[in-house]
Amino acid sequence: GANHNIIDGVEKYQNLLDGTIYDIKLYNRALTESEIKQNYNLDKDKYSSDNYVEDDLVIHLDGTNKGDTEGIWQDLSGNNNHGTIKGATYNGVNGFEFDGTDDYVAFDDQHFYENVTMEAVVSIEDLSKTSSIIAVAEDGGYVILSGSNVLLPEVYVDRTWANLPYDKYTPGDLVHIAYTIDSSYHKLYID
């Protein structure tokens, strides 16, 4: 199928990340603040996840448990939504490095969920250029971007992109980002 869901860059827009992705989770509902904290507290020290929120988890990519198949980033959610690695290299420890030029992870068709949570543990090297960290986009959708020296989660609502810019990130630092969307609000959680 078409690549509607692409981690680290919406392929047709070429917004590719210069940085490292350590952990990705996509849920088909908006997690509560306490659930976001639960996942953050598990991720913050080791940047891998045990006992994370599993209800309605659609995709889970963990850099410390990437799987053994060359060219595939194994989905740990149990849904077999494995990603195809396009150019990114494993750092040998706990994540995949993306060069900002032609690296990304692609997935087969994913549904556009009305309610969603996207979580990422990432280190971004270049905030000046627009880069996608997580995107579910095909003529709309939702995405976590960096660019213009900010982190910029966006959602396509009523034929327009709404966003929540965050300008306190220092390039190269590890950051835990969670972006929740439901029918009445969207919220951004950072570290």
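What average pLDDT does the protein have, and what share of the residues score at least 70? The model is predicted. The protein averages a pLDDT of 78, and 77% of the residues score at least 70. One covers residues 1–5, for which the model has 23 contacts beyond four places in sequence. The other covers residues 8–13, with 22 such contacts. Where pLDDT is low, the predicted coordinates should not be read in detail.

The protein has 15 strands and 1 helix. It consists of 191 residues, of which 51% count as buried. The exposed surface comes to about 8700 Å². Carbon and sulfur atoms supply 41% of that area. Among contacts with a separation of 6 or more, 58% are accounted for by residues 24 or more positions apart.

Strand β14 spans residues 174–181. Of its 8 residues, 7 are buried, so the strand is largely enclosed by the rest of the structure. Two partners of β14 were identified. Strand β9, residues 116–124, pairs with β14 in the antiparallel sense over 8 bridges. Strand β15, residues 186–190, also runs antiparallel to β14, and 5 bridges join the two. β14 and β15 form a hairpin, with 4 residues between them. Ala120 stands opposite Ile177, and in β15 the partner of Ile177 is Ile190.

Arg29 lies in the loop between β2 (18–27) and α1 (33–46). Is this residue buried or exposed? Arg29 has a relative accessible area of 18%. The cut-off for burial is under 20%, so Arg29 counts as buried. Its side chain makes a polar contact of 2.9 Å with the side chain of Asp56. Beyond four places in sequence, Arg29 touches Asp56 together with Glu35, Val53, Asp55, Asn115, Val116 and Thr117.

Ile85 is placed in strand β5. Its relative accessibility is 15%, and Ile85 therefore counts as buried. Which residues does Ile85 touch, not counting those up to four places away in sequence? They are Gly71, Ile72, Trp73, Phe96, Tyr104 and Val105. A further pairing concerns Ala106. The C-alpha atoms of Ile85 and Ala106 are separated by 6.7 Å, although the two residues are 21 residues apart along the chain.

Backbone angles single out two further positions. Most residues other than glycine have a negative phi. Asn80 is not a glycine, yet has a positive phi of about 60 degrees. Asn80 sits in the loop between β4 (72–73) and β5 (83–86). With a relative accessible area of 58%, Asn80 is exposed.

Asp191 belongs to the segment after β15. At 48% relative accessibility, Asp191 counts as partly exposed.

Note on methods. Residues are numbered from 1 along each chain as its sequence is written. This is a predicted model: local features need pLDDT of at least 70, side-chain atom pairs count only at pLDDT 80 or more; totals for chains, interfaces and linings use all residues. Side-chain values use heavy atoms; hydrogens and water are left out. Buried means under 20% relative accessible area, exposed over 50%, partly exposed in between (1.4 Å probe, protein chains only). Contact means heavy atoms within 4.5 Å. Accessible areas come from the Shrake-Rupley method with a 1.4 Å probe; for residues, only the protein chains shown count as cover. pLDDT is the predictor's confidence in each residue, from 0 to 100. Two strands pair if DSSP finds at least two bridges between them. A polar contact is a pair of N or O atoms within 3.5 Å; within protein, one must be able to donate a hydrogen and the other to accept it, and residues adjacent in sequence count only if both atoms are side-chain atoms.
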